[in-house]
Amino acid sequence: MFLVVATPSVPPLAKPAAPPAKATIEEPPAASPQAQPAPPTVATPAAEADSGSNLLLRLKQQAAEKLASEAKQTGLQQQQQKAALSKALSNAYAYLCDFTKQVNVLKPEYPGVYVLSDQAKFDALAWKEGFADYRLVPGTTEDRMIERVTLGYTLTGKDPIIVEREPPRIELFARSLHDNGLSAEVTDFKNNLGRVARTRFAIKREIRASLLLVGDYTAGDMRLRITNVQRLGSEDYRIPVDELTPAALEEIALLVLGASKKFIQRFKRVI
């Protein structure tokens, strides 16, 4: 038999005693702050000035664009107006040029009478020669804008017209001949004192007449000046561009031939 000797058990090492637990007081979690609305933005003087400045810039830009558009439209209208006026003058020149060519061949008799005074009446006249010409606006040779159209012609007869004048009417009569483009041979008769007692004028039976059509590119119409046409002296008329029609040009031609009765009624005379 085996004898079992019991060994004394070693007591376990004692664990160090834990320190006494500290009493802790749990605080409730802090409530999260609620979002507050942002305070209204107050415009500063600088911001207000900037806003007004932007508005003014926009207004200036819009005004400039409007003025540019109006200027462009006005320029286009003026260009069209000038082109229409130049075209009307070109048509007038073409008509009058062809007219004079035919009349220079036919040389018709003139039915009217030019009266300078009771003793100086120009009758029995006939067409001698005529011409048509034009001139461009200076500096517009490329655009060929016509400034004026001219028709000149001469009516002539055979025998001179004899008129005598005594002082002091001599100078007055001589001046009227000059003003109307009439030419004359002058013969003075003197008395015993060597003074001119009377003067004889042998007036050439010839009338030099003209028609001048000038474009007014500022007003957009034209001026017609007739000199010694149907009667002695000059007259001015205003003619709108759209009224210088083929019918109006025919009236002008009839006026030159002494056969027009409607010309004075058709156009407005400038006084």
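Predicted model: local features only at pLDDT ≥ 70, side-chain atom pairs only at ≥ 80, totals over all residues.
Contact here means heavy atoms within 4.5 Å of each other.

Start with a helix on a sheet. Helix H2, residues 169–179, lies across strands E6, E7 and E8. The helix runs at about 20 degrees to E8. The three strands form an open sheet, and their order is E6-E8-E7. Pairing in this sheet is antiparallel. E6 (161–165) and E7 (184–190) are the edge strands, and each of them pairs on one side only. From one strand to the next, the twist averages 20 degrees.

Look next at the pairing of E7 with E8. Strand E8 spans residues 196–203. Seven bridges link E7 and E8 in the antiparallel sense. One point to find by eye is aspartate 188, whose bridge partner in E8 is threonine 199.

Strand E9 covers residues 206–216 and strand E10 covers residues 221–227. The two run antiparallel and are joined by seven bridges. Leucine 213 stands opposite leucine 224 of E10.

Charged pairs come next. Side chains of opposite charge can pair when their charged atoms come close. A salt bridge is counted when a side-chain nitrogen of Lys or Arg is within 4 Å of a carboxyl oxygen of Asp or Glu. The count comes to 14 salt bridges.

Take glutamate 235 as a case. Where does glutamate 235 lie, and where does arginine 269 lie? Their side chains meet in a salt bridge, at 3.8 Å from N to O. Glutamate 235 lies in strand E11 (residues 234–240) and arginine 269 in strand E12, so the pair ties together parts that are 34 residues apart in sequence. Arginine 269 is partly exposed, because its relative accessible area is 44%. A network can be traced elsewhere: salt bridges that share partners join Lys128, Lys204, Glu206 and Arg208.

Glutamate 235 also forms a salt bridge with arginine 231. In that pair the closest N and O atoms are 2.4 Å apart. Is glutamate 235 buried or exposed? Its relative accessible area is 9%, so glutamate 235 is buried. Arginine 231 is partly exposed, with a relative accessible area of 48%.

Glutamate 206 forms a salt bridge with lysine 204, and their closest N and O atoms are 3.7 Å apart. Glutamate 206 has 7% relative accessibility, so it counts as buried. Lysine 204 is partly exposed, at a relative accessible area of 43%.

Glutamate 251 lies in H3, which spans residues 246–256. Why does glutamate 251 count as buried? Its relative accessibility is 12%, and buried means under 20%. Which residues does glutamate 251 contact, leaving aside its neighbours within four places in sequence? They are Ser260, Lys261, Lys262, Phe263 and Arg266. The buried residues of H3 are Ala248, Leu249, Glu251, Ile252, Ala253, Leu255 and Val256. Just after H3, glycine 258 takes a positive phi of about 80 degrees.

H1 runs over residues 45–106 and includes leucine 56. Leu55, Leu56 and Leu59 form a nonpolar patch on the surface. Together they have about 270 Å² of accessible area. Leucine 56 itself is partly exposed, as its relative accessible area is 46%.

Finally, step back to the whole protein. The secondary structure comes to four helices and 12 strands. Of the 271 residues, 29% are buried. The protein exposes about 19700 Å², and carbon and sulfur atoms supply 56% of that area. Among contacts between residues at least 6 apart in sequence, 62% join residues at least 24 apart.

Methods:
Residues numbered from 1 in each chain as written. Heavy atoms only, no water. Pairing = 2+ DSSP bridges. Axes fitted to C-alpha atoms, helices over the stretch in contact; angles between N-to-C directions. Patch = residues over 30% accessible without salt bridge, like charges linked within 9 Å, V, L, I, M, F, W, Y side chains within 5 Å. Areas by Shrake-Rupley, 256 points an atom, 1.4 Å probe, with all protein chains shown as cover. Buried < 20%, exposed > 50% of the residue type's maximum accessible area, 1.4 Å probe, protein only.
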